[in-house]
Each structure stands twice: as structure tokens, then as C-alpha cells.
Amino acid sequence: MLVIGITGGIGCGKSYVSDKLKLRGIPVYDSDTRAKLLTATDRSIKDALTELVGPNLYCQCGCGVMQKEVLAGYIFGNPANMARVNAIIHPSVKDDFRRWASGYAQKEFCVLESAILFESGFDTEVDYTVCVDAPLALRIRRCIKRDNTTEQAVVARINSQMDQAEKCRMADSVIFNDDLLPLEPQIDKLIDNVRKLLK
């Protein structure tokens with residue numbers, strides 16, 4: 001089984017493209033969602049993060065919910081602290097993905113969707129990488145509508161991410177989700193390209 005890695009900055013529509021692939025029967029692992037779940041439920045992650053960040057990271061009321069503002073305060077503007085947190089979470093997500101993928105070994109291929117595919121090193125888990133791209137103005141409009149937020153907040157999030165053009169350069173192929181080019185022919189081409197790797 002081959003693994004397709006799908007990435008893209010916020011508002012580009014990587015999840016939308018992943019959903020299109022799901023409709024074709026291709027299994028999709030959403031690493032962002034799984035990372036949040038593991039961070040909330042995995043005892044080894046919780047213990048390591050608590051030791052790193054402090055005892056106030058998780059709610060002490062018994063529910064064990066992470067206090068996002070505590071984590072944000074620890075990593076904001078501090079790349080070294082961000083790296084320490086990622087060093088705890090990312091290996092567990094990789095292990096979780098491998099377990100998940102083993103359940104689909106009979107499939108032709110599956111998808112690993114990650115906003116930080118290259119930054120996290122998750123690209124080492126895939127055979128073919130795709131970056132979903134869209135014009136900046138459109139990305140901003142989508143995020144404002146989706147998250148009910150401000151343009152300033154969206155731009156700040158975009159600026160905190162890896163440069164979109166760099167992601168596109170690093171990827172094996174690019175899917176343009178600009179509301180102009182039809183997506184289905186691009187997805188057909190993606191699947192054809194990946195199938196060539198099987199030959």
C-alpha cells in the first residue's frame with residue numbers, strides 16, 4: 001500500500017480534497033484531529049507535557065481537559081519550547097498512524113492529511129506528497145467565513161505557518177483549489193500519478 005501525504009496552509013482546502021478522496025473509498029488519516037485526541041487521552045503524552053509545561057496544563061477537576069491557553073502561553077514566540085512539545089507529540093502521532101495504516105494494508109493506497117506534513121517530518125511516512133493551494137485572498141475569505149473571525153487573525157495564523165509557496169515547491173504535485181479549476185480531473189491525475197509508483 002502506498003501513502004499519499006496531503007498538506008496545505010489554512011484556507012487552502014486540504015480537508016476538502018481529502019473528503020473527495022474519501023468519497024472514492026480511499027482511507028484518510030487526519031493527523032491534526034488525531035494529535036488533539038492523543039494529547040487529550042494518551043497517558044504518556046499527558047504526563048510528559050505536564051512535566052514539561054507544568055501542573056496547570058490539564059484541568060484538575062478530574063476531566064483531564066487540556067488548558068489550551070496554558071500551552072499557548074508556553075510555546076508562543078518560543079521556537080525552542082514549541083520544539084520540545086512537538087518532540088513529545090509527533091512520535092506518538094507517527095506510531096498511531098502506523099497502527100491505523102496497518103488496518104488498511106489490503107488497500108491500494110491511503111492518505112495522511114497534515115497541515116504540518118513537512119515541518120513535522122511526517123513526510124517520511126508517505127510515498128507521494130500533494131500540496132493543496134489557493135490564492136491568498138480566497139484563503140482569507142474562507143477562513144473568515146468558516147471560523148467567524150477577523151482578517152487580522154487569519155493573516156496572523158497564515159504568517160505563523162510555513163510559507164505556502166515553499167510547501168508547493170517541496171510537494172510532488174499541487175492541486176489548485178481556487179474555485180475555478182475543476183477538482184475532480186486534478187484528483188484523477190493525482191491517483192494516476194500514484195498508481196504509476198505501484199508499477
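**Close-up views of a predicted model**

Glu-151 is partly exposed, because its relative accessible area of 49% falls between the cut-offs for buried (under 20%) and exposed (over 50%), found with a 1.4 Å probe on protein chains only. This is a predicted model, in which local features need pLDDT of at least 70 and side-chain atom pairs count only at pLDDT 80 or more, while totals for chains, interfaces and linings use all residues. Residues are numbered from 1 along each chain as its sequence is written, and side-chain values use heavy atoms, with hydrogens and water left out.

**View 1. Glu-151 sits in helix α7.** This helix covers residues 151-160; helices here are DSSP runs of H or I with at least four residues, strands are runs of E with at least two, and both are numbered from the N terminus. Setting aside neighbours within four places in sequence, Glu-151 is in contact with Ile-140 and Ile-144, where contact means heavy atoms within 4.5 Å. Ala-137 is 14 residues away from Glu-151 along the chain, and their C-alpha atoms are 9.9 Å apart.

**View 2. Helices α3 and α5 pack together.** The axes of α3 (residues 43-53) and α5 (residues 79-102) are 10 Å apart and meet at an angle of about 175 degrees. Axes are lines fitted to C-alpha atoms, for helices over the stretch in contact, and angles between N-to-C directions run from 0 to 180 degrees. The two helices are therefore roughly antiparallel, a term for angles over 145 degrees. On the α3 side the contact involves Ile-45, Ala-48, Leu-49 and Leu-52, and α5 brings Arg-84, Val-85, Ile-88, Ile-89 and Ser-92.

**View 3. Leu-49 and Leu-112 touch the most other members of the largest nonpolar core.** This core has 28 residues; such a core is a set of buried Ala, Val, Leu, Ile, Met, Phe, Trp, Tyr and Cys residues joined through side-chain atoms within 4.5 Å. Helix α5 gives the largest share, 6 residues. Beyond four places in sequence, Leu-112 touches residues including Val-3, Ile-6, Tyr-29, Phe-97 and Phe-122.

View 4. The structure holds 0 disulfides.

Terms used. Angles under 35 degrees count as roughly parallel, over 145 as roughly antiparallel, 65 to 115 as roughly perpendicular and the rest as oblique. A disulfide is a pair of cysteine sulfur atoms within 2.5 Å.
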